[in-house]
Amino acid sequence: MSGNGPAVSRREFDALFDAVRTWGRWDRAERGAWNRVTQDRVRRATAAVRSGTVVPMALAWNTRPGPDNPRPALHHMTDLGDVESPEPATYKDFVAVEHHGKAVTHLDALCHVAYRGRLYGGRTARDVVDAAGARFGAVSALGPLVTRGVLLDLPAVLGVRWLDPGQAVRARDVVAAEKALDVTIGEGDAVLLRTGHVRRRAELGAWDSGAASAGFHVDALPLLAERGVALLGSDGDSDVRPSPVPGVHSPVHVLAVAAMGVPLLDNLDLEALAAETAEAGRHAFLFVVTPLNIPGGTGSPVSPVAVL
């Protein structure tokens with residue numbers, strides 16, 4: 001593995017978009033690929049729990065500015081309990097965030113990405129997204145997801161501490177990781193890609209990950225579409241950066257969200273999960289994520305968990 005290539009022309013990318021799109025497949029189009037997660041799949045996912053170990057995957061709420069956090073989250077106290085009468089004293093705080101970006105663990109809803117002017121399912125973005133929010137594909141339409149999760153731990157497979165920024169994970173790398181980790185991606189799975197981003201940041205410091213980060217190359221998306229995944233997530237934002245597609249800055253976002261109807265989880269902390277799955281000797285687990293119920297919202301801060 002080296003570099004973010006091969007380069008993909010706009011014509012090739014448009015053909016790929018048309019090849020993987022699932023428009024019109026489900027009656028509940030606003031849920032996109034989450035329609036794949038039936039009650040039977042939930043039962044099978046929960047039945048796979050063995051040790052009961054619960055592993056959180058959210059980054060800490062980040063209120064410090066940095067090269068990967070130009071608009072920090074807010075947190076301040078609004079009540080210190082010093083004027084309360086009668087008992088008990090209470091303490092209150094305020095939180096706010098622009099969660100799309102590189103510093104907050106969040107879910108991208110189906111209204112978050114449009115390509116060629118259209119959202120998932122073919123709706124014209126300007127007709128359904130305005131200053132009041134989204135009237136199609138909002139995060140409130142998704143609800144919670146409970147399914148089988150699969151961790152693709154690429155640094156463990158390659159025997160490195162992390163993938164370097166700009167390093168692409170291609171379809172052949174996904175297949176090799178499945179073989180090395182003894183796991184197979186299946187219908188309705190949540191696929192989580194560990195690149196070692198969080199470990200690299202902790203050891204070397206923050207960098208502008210919008211300009212350079214490890215992630216999927218677009219040639220991995222047809223394989224994931226064929227497997228019928230319900231969700232993609234990463235410790236970056238799933239896209240290799242810089243983009244291998246001239247003129248399209250987030251091609252994996254386009255293919256996953258706008259073509260396949262697959263929500264994305266960005267900025268996960270997968271370090272503890274990598275350690276737990278390595279110790280357990282298995283890289284599939286029960287996965288749970290519950291976005292906030294935000295009518296019209298383009299996504300939500302989240303705190304996903306894995307249960308082994």
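Here are a few questions and answers on the aromatic pairs and ring-charge contacts of this predicted model.

Residues are numbered from 1 along each chain as its sequence is written. As the model is predicted, local features need pLDDT of at least 70 and side-chain atom pairs pLDDT 80 or more, while totals for chains, interfaces and linings use all residues, and side-chain values use heavy atoms, without hydrogens and water.

Q: How many aromatic pairs does a search of the whole structure find?
A: Let's start with the rule: rings of Phe, Tyr and Trp (its six-membered ring) pair if their centres lie within 6.5 Å. Searching the whole structure this way, the number of aromatic pairs is three.

Q: Which class of pair do the rings of Phe13 and Tyr115 form?
A: Planes under 30 degrees apart count as stacked, over 60 as edge-to-face and the rest as tilted. The centres of Phe13 and Tyr115 are 5.5 Å apart and the planes stand at 90 degrees, so the pair is edge-to-face.

Q: Is Tyr115 buried or exposed?
A: Buried means under 20% relative accessible area, exposed over 50%, and partly exposed in between (1.4 Å probe, protein chains only). The relative accessibility of Tyr115 is 6%, so Tyr115 counts as buried.

Q: What is the angle between the planes of Phe17 and Tyr115?
A: Phe17 and Tyr115 form a tilted aromatic pair, 5.3 Å centre to centre. The angle between their planes is 45 degrees.

Q: Which residue lies over the face of Trp207?
A: A charge sits over a ring if NZ of Lys or CZ of Arg is within 6 Å of the ring centre and within 35 degrees of the ring normal. At 4.6 Å from the ring centre of Trp207, the residue is Arg200.
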